[in-house]
Amino acid sequence: MKHRLGTTEYKFSMPSSFCAVWDVFYLISTNPNRAVMGRLFAAIIGLTIQGARCPKYSLADADPIQYGGKMQEWLHAQGVGPVDVLSVGSAVFSYLSEHIATTKEVKEAENF
């Protein structure tokens, strides 16, 4: 799928590491506040964007909120505003949701 960020159109696709995506999905399932949600959507952008020289996620740190903050800074430097981060991040999240887990699976994991 393709989306414009700032003046550049990027392709977004499934990431090479689902571990990183699951880190983000687990935190989104906790009903975070808007500031955290903005960082998580920025993280989703960073995990799925193709052909961009953006910050890389550290699997060892397993900290999508920190990574999302780094991505927000990078996106801001590219001329991307917070509304676009939320819009594109939401679209990418929906795209990934179709390929990762069902609602039933997520609820079972929450009740673990």
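Residues are numbered from 1 along each chain as its sequence is written, and side-chain values use heavy atoms, with hydrogens and water left out. Because this is a predicted model, local features need pLDDT of at least 70 and side-chain atom pairs count only at pLDDT 80 or more, while totals for chains, interfaces and linings use all residues.

The protein chain holds five helices and three strands, where helices (H or I, at least four residues) and strands (E, at least two) are DSSP runs numbered from the N terminus. Read from the N terminus on, these elements follow the order β-β-α-α-β-α-α-α. Of the 112 residues of the protein chain, 36% count as buried; buried stands for under 20% relative accessible area, exposed for over 50%, and partly exposed for what lies in between, with a 1.4 Å probe and protein chains only. Among the contacts in the protein chain with a separation of 6 or more, 70% come from residues 24 or more positions apart, a contact being heavy atoms within 4.5 Å.

Strand β1 (residues 2-5) and strand β2 (residues 8-12) run antiparallel and are joined by four bridges. Within this pair, K2 stands opposite K11 in β2, and H3 has Y10 of β2 as its bridge partner. The two strands form a hairpin with two residues between them, and G6 in the turn has a positive phi of about 65°.

Helix α4 also meets another helix. The axes of α2 (residues 34-48) and α4 (residues 82-100) come within 8 Å and cross at roughly 65°. On the α2 side the contact is made by G38, F41, A42, I44, I45 and T48, and on the α4 side by V85, L86, V88, G89, S90, V92, F93 and L96. Sorted by type, the residues of this contact are ten nonpolar, four polar and no charged, where Ala, Val, Leu, Ile, Met, Phe, Trp, Tyr, Cys and Pro count as nonpolar, Asp, Glu, Lys and Arg as charged, and the others, Gly among them, as polar.

Two loop residues deserve a separate look. N31, in the loop between α1 (18-28) and α2, has a positive phi near 55° although it is a residue other than glycine, and N31 is exposed, with a relative accessible area of 68%. A62, in the loop between β3 (49-50) and α3 (64-77), is likewise not a glycine and has a positive phi of about 50°; at 42% relative accessibility, A62 counts as partly exposed.

Finally, the cysteines. With a disulfide taken as a pair of cysteine sulfur atoms within 2.5 Å, the count comes to zero disulfides. C19 is partly exposed, with a relative accessible area of 39%, whereas C54 counts as buried at 8% relative accessibility.

Technical notes
Pairing = 2+ DSSP bridges. Axes fitted to C-alpha atoms, helices over the stretch in contact; angles between N-to-C directions.
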